[in-house]
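Keep the model open while you read.

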Amino acid sequence: MARPEGLLIMPEMPTASDDMPATAQPVTIQSRAAQPMADSGLLCLQCEYNLTGTIAAAEAGKGENRCPECGMTFNPNVLRARLAGTPAPIEIWDDKNKSIFIRYVKMCLITWFTPWRLLKMVPTYYHKRSVILFQYITMVLAITIVAVANHRLFLSYDISRSRDVLTFAISIVVVWAGIIVCELLLKLPIDVGQRWRAIVGLFRSFTLLSVTVLGVFTNFNMNLPNDFLYALPTLCWWWLALSLAVAHTKASVAARIGYILFIPWAAVMSIGTSTGIMFIVELMIFR
Ligand SMILES: [Zn+2]
């Protein structure tokens, strides 16, 4: 059956299920030149180059599905699915072929030392449960570290120490509440897409694990100097890591600078809130 030439432009329209028949006739240069090409919105997953023309040319048999900007090969159907909002796996973290221990350690190392890589690893649409799993593992790990480090405190039957146990338990809950407040604040200021929510979620490994390890470390080494000496460099490093990720987003320069300057305030606000809650709870219980 003969098709009118104009219809061959249709596969470039952004629809969720437009599978071009494999036997489609090639589009001639003349017909594409005659009608302006509609922007398909399909972007390279690596460099976000607009692939509308590349895909049209490949489907016309005049080239391959390879990004002209960065050289990455792609599957147009995968790009269309992502554009339609179908969740895609987070690189490394969703790779079910590797053990979860290795994946978790790798994700922590990336978050802590090369945070800008997360922007390329997290797709626009991802499985939310995947990030939630990461956050739960971090919670369980932190609880385990605290419980192991304090097993004597928790096993103590000495009634005179019950206040220590309670204070300790309250402080842990308050610190974690503070971290969650901080995460919520960090998601607010700029909207650089859904991906940012995942990146802030992955940063929990940084804040929670460092707070836990440093807390345990300083609480049980009484001859060490002030906690502040350890907490301050950790906070600075966290700020630097998050700022590096922000700097690599596609947001405007003003939005990125504003966000980077906002990060310390988010931390101050969450620390302030936590300290306030802690103070009130202690007043109420121990008057
Ligand atoms: Zn590219």
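Is Ile 257 buried, partly exposed or exposed? This is a predicted model, in which local features need pLDDT of at least 70, side-chain atom pairs count only at pLDDT 80 or more, and totals for chains, interfaces and linings use all residues. Residues are numbered from 1 along each chain as its sequence is written.

Ile 257 is partly exposed, because 14 other C-beta atoms lie within 10 Å. The scale is simple: a residue is buried with 20 or more other C-beta atoms within 10 Å of its own, exposed with 12 or fewer, and partly exposed in between, with C-beta atoms placed from the backbone. Ile 257 sits in helix α12. Helices here are DSSP runs (H or I, at least four residues), numbered from the N terminus. Eleven residues along the chain from Ile 257 is Val 246, and their C-alpha atoms are 8.6 Å apart.

Now the interior. A nonpolar core is a set of buried Ala, Val, Leu, Ile, Met, Phe, Trp, Tyr and Cys residues joined through C-beta atoms within 7 Å. The largest such core has 32 residues, and Val 122, Ile 199, Leu 202, Leu 242 and Ala 245 have the most contacts inside it. Elements giving two or more residues to this core include α9 (195–202), α11 (228–247) and α12 (253–286). The most comes from α11, with five residues.

Take Ala 245. Neighbours within four places in sequence aside, Ala 245 is in contact with Pro 115, Trp 116, Leu 118, Leu 119 and Ile 199. Contact here is a pair of C-beta atoms, placed from the backbone, within 7 Å. A second, separate core has seven residues, including Leu 51, Ile 55, Phe 74 and Leu 79.

Look next at α9. Six of its eight residues are buried, so α9 is mostly covered. Arg 195, Trp 196, Ala 198, Ile 199, Gly 201 and Leu 202 are the buried ones.

One loop needs a check. Ile 92 is found between α3 (76–83) and α4. Its phi is near 70 degrees, a positive value in a residue other than glycine. Most residues other than glycine have a negative phi. Ile 92 counts as partly exposed because it has 16 C-beta neighbours inside 10 Å.

Finally, confidence. pLDDT is the predictor's confidence in each residue, from 0 to 100. The chain mean is 76, and 74% of residues reach 70 or more.

Terms used
Contact = placed C-beta atoms within 7 Å.
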